[in-house]
Amino acid sequence: MSFSPVLVFHISAGISGLLSGTAAMVFRKGSPRHVLAGKIFVVSMLTMAAFAVDLAITRHQPNNIGGGIATFYLVGTAWLTAKRRDGETSRFDWIVLLIPLALGILTWLNGLKVVRSGASSQDDVPVGMTFFMGSVMLLAAAGDVRMLLGGGVSGAKRIARHLWRMCFGLFIASGSFFLGPSNRPLRLLSSVGLGQHLPAALFSTGLYLFLTLLPLVLLIFWLFRVRFTNAYKQNLEAAKL
């Protein structure tokens, strides 16, 4: 099996993002290990998303174009949230706001188009997931508007904004990897001669679904910790990326 250089970089960055993102969620927030894992995660995910958009354009896959842009936006704005001081915004945020707004509207319109055609999916993506992703983008846009009109975010709200965007970006990447076309993990391991030597349980749909949803489970856990306990009320300055 042969891979184009762009695809190799895309997959390599994606795997690095999955591993570093998982590590960042496990390590104590603000610790040196969390900060290091976070830096690797941000670089890996932005690289992966950029190459994903390039591949989607060359292969005429509009859904993947939106997914790549959404991932880049979520991880990028999560990084900016952690990097800035409490209440800090810029005019650039008003421009970035157009990304989730446009993606949300276009994704919803595409979902309605699929429903009107009588189909239940498009390019193997269930229409329910299309509406879900569109709704998340619109909620992200609403969050940006609220942040800008409110003069920025501070304290626990800033931590929550950072966490949910990072985790949701990781969810998009894990879904693309584990539930992508043609059993992607098995294809990759088979290409280096390892697939046939590993137990079939490692390639089960149930395991892939669990690994895909794990970032959302961890997202709920950390949001609860941040918003309803005193564990992470401290300033995010200690966790700058």
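A cavity is a set of grid points where a 1.4 Å probe fits but cannot get out. The views below come from a predicted model.

**View 1. The largest cavity holds about 140 Å³ of space.**
A search of the whole structure turns up three cavities of 30 Å³ or more. This view shows the largest one, with about 140 Å³ inside. Twelve residues line the largest cavity. Ala24, Met25, His34, His162 and Met166 lie nearest its centre. Which elements each supply at least two residues of the lining? They are α1 (5–26), α2 (32–58) and α7 (155–178). The largest share, five residues, comes from α7. By class, eight lining residues are nonpolar and four are polar. The lining of the largest cavity has no charged residues.

**View 2. The second largest pocket has a volume of about 480 Å³.**
A pocket, unlike a cavity, is an open set of points. The second largest pocket is lined by 16 residues. Closest to its centre are Gly143, Arg146, Arg161, Trp164 and Arg227. Helices α6, α7 and α9 (205–228) each give two or more residues to this lining. How many of the lining residues are charged? Five are charged, alongside nine nonpolar and two polar residues.

**View 3. Asp144, Arg161 and Arg165 are joined into one network of salt bridges.**
Side chains of opposite charge can pair when their charged atoms come close. Four salt bridges are found in the structure. Two of them are shown here, and Asp144 takes part in both.
Start with Arg161 and Asp144, whose closest N and O atoms are 3.0 Å apart. This pair links distant parts of the chain: Arg161 sits in helix α7 and Asp144 in helix α6, 17 residues apart.
Now turn to Asp144 and Arg165, whose closest N and O atoms are 2.9 Å apart. This pair also links distant parts of the chain, with Asp144 in helix α6 and Arg165 in helix α7, 21 residues apart. Shared partners make one network of Asp144, Arg161 and Arg165.
Are these residues buried or exposed? Buried means under 20% relative accessible area. Arg161 has 9%, so Arg161 is buried. Asp144 has 3%, so Asp144 counts as buried. Arg165 has 1%, so Arg165 is buried too.

**View 4. Arg158 forms a salt bridge with Asp86.**
The closest N and O atoms of Arg158 and Asp86 are 2.6 Å apart. The two residues are 72 residues apart and link distant parts of the chain. Arg158 lies in helix α7. Asp86 lies in the loop between α3 (62–83) and α4 (92–96). What does the accessible area say about Arg158? Arg158 is buried, because its relative accessible area is 2%. Asp86 has a relative accessible area of 35%, so Asp86 is partly exposed.

**View 5. Eight named residues make a nonpolar surface patch of about 690 Å²: Leu98, Leu101, Ile105, Leu106, Trp108, Leu109, Leu112 and Leu138.**
Which helix gives the most to the patch? Helix α5 (residues 98–117) does, with seven residues. Leu138 lies in helix α6 (residues 127–149). Patches take residues with over 30% relative accessible area. Leu138 has 31% relative accessibility, so Leu138 counts as partly exposed.

**View 6. Asp123 lies in the loop between two strands.**
The strands on either side of this loop are β1 (121–122) and β2 (125–126). Is Asp123 buried or exposed? Exposed means over 50% relative accessible area. Asp123 has 56%, so Asp123 is exposed. Asn63 is 60 residues from Asp123 in sequence. In space, their C-alpha atoms are 8.1 Å apart.

**View 7. The chain holds nine helices and two strands.**
This view places the close-ups in the whole chain. From the N terminus on, the elements run α-α-α-α-α-β-β-α-α-α-α. What percentage of the 241 residues in the chain is buried? Buried residues make up 42%.

Conventions
Residues are numbered from 1 along each chain as its sequence is written. This is a predicted model: local features need pLDDT of at least 70, side-chain atom pairs count only at pLDDT 80 or more; totals for chains, interfaces and linings use all residues. Side-chain values use heavy atoms; hydrogens and water are left out. On a 1 Å grid over the protein atoms alone, a cavity is a set of points where a 1.4 Å probe fits but cannot get out, and a pocket is an open set with protein on both sides within 12 Å along at least five of seven lines; lining residues have an atom within 4 Å of a point. Grid points are joined across faces, edges and corners, and a volume is the space filled by probe spheres set on the points. Helices (H or I, at least four residues) and strands (E, at least two) are DSSP runs, numbered from the N terminus. Ala, Val, Leu, Ile, Met, Phe, Trp, Tyr, Cys and Pro count as nonpolar, Asp, Glu, Lys and Arg as charged, and the others, Gly among them, as polar. Patches are made of residues with over 30% relative accessible area and no salt bridge: like charges are joined within 9 Å, nonpolar side chains (Val, Leu, Ile, Met, Phe, Trp, Tyr) within 5 Å. Accessible areas come from the Shrake-Rupley method with a 1.4 Å probe; for residues, only the protein chains shown count as cover. A salt bridge is a side-chain nitrogen of Lys or Arg within 4 Å of a carboxyl oxygen of Asp or Glu. Buried means under 20% relative accessible area, exposed over 50%, partly exposed in between (1.4 Å probe, protein chains only).
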